[in-house]
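Subject: The structure I promised you

Hi,

Here is the structure we talked about.

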2 protein chains.
Amino acid sequence: MQGKNITIRDVAKKAGVSISTVSRAFNKYEDISESTREHILKIAAELGYHPNIVAKSLSANRNYRMAIIVEDYMPDDYATYEIFMAFRSELSEQGYESIILSTTTDIQKVENLSKIPHEKQVDGVFILGLKMTDEYFKQLESFKYPCVLYDISIKNDLCSSVGVDNVKGAAKAVEHLIEQGHEKIAFINGHEDAQVSYERLDGYYLALARQGLLIDKNLVISGGFSFDGGKEAAVKLIGEHKEVTAIFCASDLMACGAMEGIKEMGLCIPEDIAVVGFDDINICEYVTPKLTTIRQERDKIGRTAALQLVEMINGKSPARSIIEPKLIVRESSVKIKK
Amino acid sequence: MQGKNITIRDVAKKAGVSISTVSRAFNKYEDISESTREHILKIAAELGYHPNIVAKSLSANRNYRMAIIVEDYMPDDYATYEIFMAFRSELSEQGYESIILSTTTDIQKVENLSKIPHEKQVDGVFILGLKMTDEYFKQLESFKYPCVLYDISIKNDLCSSVGVDNVKGAAKAVEHLIEQGHEKIAFINGHEDAQVSYERLDGYYLALARQGLLIDKNLVISGGFSFDGGKEAAVKLIGEHKEVTAIFCASDLMACGAMEGIKEMGLCIPEDIAVVGFDDINICEYVTPKLTTIRQERDKIGRTAALQLVEMINGKSPARSIIEPKLIVRESSVKIKK
């Protein structure tokens, strides 16, 4: 008697206990002694008992299922899908299923956050697009399930985070512009509710400071992470600061907006104003001129988040994974085209 | 003793049977008499016993969970995500969970397709991106679970389909070009493995025929649904057929490629060559000139698929849902800008 036809019933019989006791042993219930638990697990191993997926969810702690919580769908939000598909693919290789559980807006309507993983039968949660001002953000400090946050971190013994090195990425963008001969570089940042906005601002400061360039805080304004915000910010910056010859934007969408604004003012890119974005979304390749940017490797982000969850479930401490950002030089920042 | 704290244990105790028997009663196992089953269900109802989701999957026929099977992730494939998010949102309102179960490539490695819904505890499946040449496509004819196919249809009493009216959409695109004064309109079609390619070709023929315009089959070539394919096709068409003044493309991605090819030949859009795409993906708004296209309402597609699955589970016959395509006029097809 060995192999895949073995049921929980067989384990109970051989161990001389009830089915419920076997289930409780797998489930790590505290009302069962450690010696009984060990005895049962030993018998189960000897028989080659492999609980099926649903039986597993009832009997053991593991559901072999992870959830991802994403932002509400917004046009141009395809980047989330790329992260999810990488997350899904890695988890599938690890023997886990993955679901898009909710949006960050919907999940915040839930009163008791910690109930979610149990009710939805998931072992861990990967959360994208949370804002520092979200009520939910504070609740996560006492979240009792393995969790990975994207682009934001939190103090909790069960929360990991994954994100690109934003300081380094922003510094790379600005250093690239300095190398092209620019000194008066403006910065269109995202809104203040995102942790990345502060980090990218630090990267901007750092690159200028390293080269001994003057920092003018009037050249830093918010574009709110939107196309229109980027456009308005660019028009304002160029109108008020004739000395500006380059603009670094904290997102590609804002950079595309900025480019439209610059073109409508009758200026040329990169001859009059050079532009660099951040993210490397698909649009970069299709706009005219093609947009230089800092790539966030979304495939790596999704896979890393998946592995972090699996490792935490296997007992590893949470970690902060930093993905190396890459400068992708296209046409919007380099005067002499190859 | 009533309400949410009632467990299967309480039902078993009150009914005077084992926990396993309660589970088997809910699970409709045949080794339990109908009278015992009714007795147990009555007790359960009296106590207000509500099995949790996993218990439900073990015990009742419904999992309240639907799956979507998507194409492997490809750059620029964000449209799938928009459909999924609408599908997810509608199902959530209907009390169903939704998961991205697999990709069409992965699912085709599965030997017995019909086992999937049972093993994955889903009530129905929505499949996107299936090709007519896929082995899986034939297997679906005997698929035993409610299923909705996107952009492709099949004969099976449990399969619905949802898709845009491709004939009408293509005809609208070509009629728009005719209205702009074009008579020699080329067509860059997708590959032959997609049902939509045949339908869009029919729409192209129909619009020309209705206006009594000459149909020249040499003006129809394949761009394989890719950016590079569209670019090559446009360069070839214009090189070989100087009379062509407009190109209709069966996808926006091919249209963007065609526009790049046209611009590299030193020609102007729309002055020398007008271009119209199909899909209305996000890129249309960012390319120069902005791309005129036929919109597929992805929000509606996702929601319709969700409702079709729920209705089939509730006993309705499968249906073929046709979504009305919309002409979105931008800059690539209209000489006099507003």
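How many salt bridges does a search of the whole structure find over all chains? The search turns up 40. Keep in mind as you read that this is a predicted model.

Let's begin with chain A as a whole. Chain A has 13 helices and 12 strands. Its radius of gyration is 25 Å, while the globule rule gives 20 Å for 338 residues, so chain A is more spread out than a compact globule. Along its principal axes, the C-alpha trace of chain A spans about 85 × 40 × 35 Å. Of the 338 residues in chain A, 56% count as buried. Take the contacts in chain A between residues at least 6 apart in sequence: 70% of those join residues at least 24 apart. Chain A also exposes about 15,100 Å², and carbon and sulfur atoms supply 49% of that area.

Side chains of opposite charge can pair when their charged atoms come close. Here are a few pairs to find on your screen.

One of them joins A:Glu82 and A:Arg298, with the closest N and O atoms 3.0 Å apart. This pair links distant parts of the chain, since A:Glu82 is in helix α5 (residues 78–93) and A:Arg298 is in helix α13 (residues 298–313), 216 residues apart. Are these two residues buried or exposed? A:Glu82 has a relative accessibility of 19% and counts as buried, because the cut-off is under 20%. A:Arg298 counts as buried too, at 8%.

A:Glu175 lies in helix α9 (residues 166–179) and A:Arg210 in helix α10 (residues 195–210) of chain A, so the pair ties together parts that are 35 residues apart in sequence. A:Glu175 counts as partly exposed, at 23% relative accessibility, and A:Arg210 is exposed, with a relative accessible area of 53%.

Over in chain B, B:Glu324 forms a salt bridge with B:Lys172, and the closest N and O atoms are 3.6 Å apart. Here B:Glu324 sits in the loop between β11 (320–323) and β12 (326–328), while B:Lys172 is in helix α9 (residues 166–179) of chain B, 152 residues away. Both count as partly exposed: B:Glu324 at 40% relative accessibility and B:Lys172 at 25%.

There is also a network of salt bridges that links A:Arg65, A:Glu97, B:Arg65 and B:Glu97.

While you are in chain B, take a look at helix α10 (residues 195–210). At 1.5 Å a residue, its 16 residues should span 22 Å, and its end C-alpha atoms are 23 Å apart, which agrees. Buried residues in α10(B) include B:Val196, B:Leu201, B:Tyr204 and B:Leu208. What covers the buried residues of α10(B)? The cover includes α9, β6 (185–189), β7 (220–222) and β11 of chain B. After α10(B) comes B:Gly212, whose phi is positive, near 70°.

Last come some backbone spots to check. Most residues other than glycine have a negative phi, and most peptide bonds are trans. A few places here go the other way.

A:Pro289 lies in the loop between β9 (274–276) and β10 (293–295) of chain A. In chain B, a cis peptide bond joins B:Thr288 and B:Pro289, with omega about -10°. B:Pro289 is likewise in the loop between β9 (274–276) and β10 (293–295), this time of chain B.

As for phi, A:Gln121 has a positive value of about 60° although it is not a glycine. You will find A:Gln121 in the loop between α7 (116–119) and β3 (124–127) of chain A. A:Gln121 is buried, with a relative accessible area of 7%. B:Asp279 is another residue other than glycine with a positive phi, near 130°. B:Asp279 is in the loop between β9 and β10 of chain B, and with a relative accessible area of 16%, B:Asp279 is buried.

Happy looking!

Notes. Residues numbered from 1 in each chain as written. Chains lettered and ligands numbered in written order. Predicted model: local features only at pLDDT ≥ 70, side-chain atom pairs only at ≥ 80, totals over all residues. Heavy atoms only, no water. Helix = DSSP H or I, 4+ residues; strand = E, 2+ residues; numbered from the N terminus. Buried < 20%, exposed > 50% of the residue type's maximum accessible area, 1.4 Å probe, protein only. Salt bridge = Lys/Arg side-chain N within 4 Å of Asp/Glu carboxyl O. Expected span 1.5 Å × (residues − 1). Contact = heavy atoms within 4.5 Å. Rg over C-alpha atoms; globule rule 2.2 N^0.38 Å. Areas by Shrake-Rupley, 256 points an atom, 1.4 Å probe, with all protein chains shown as cover.
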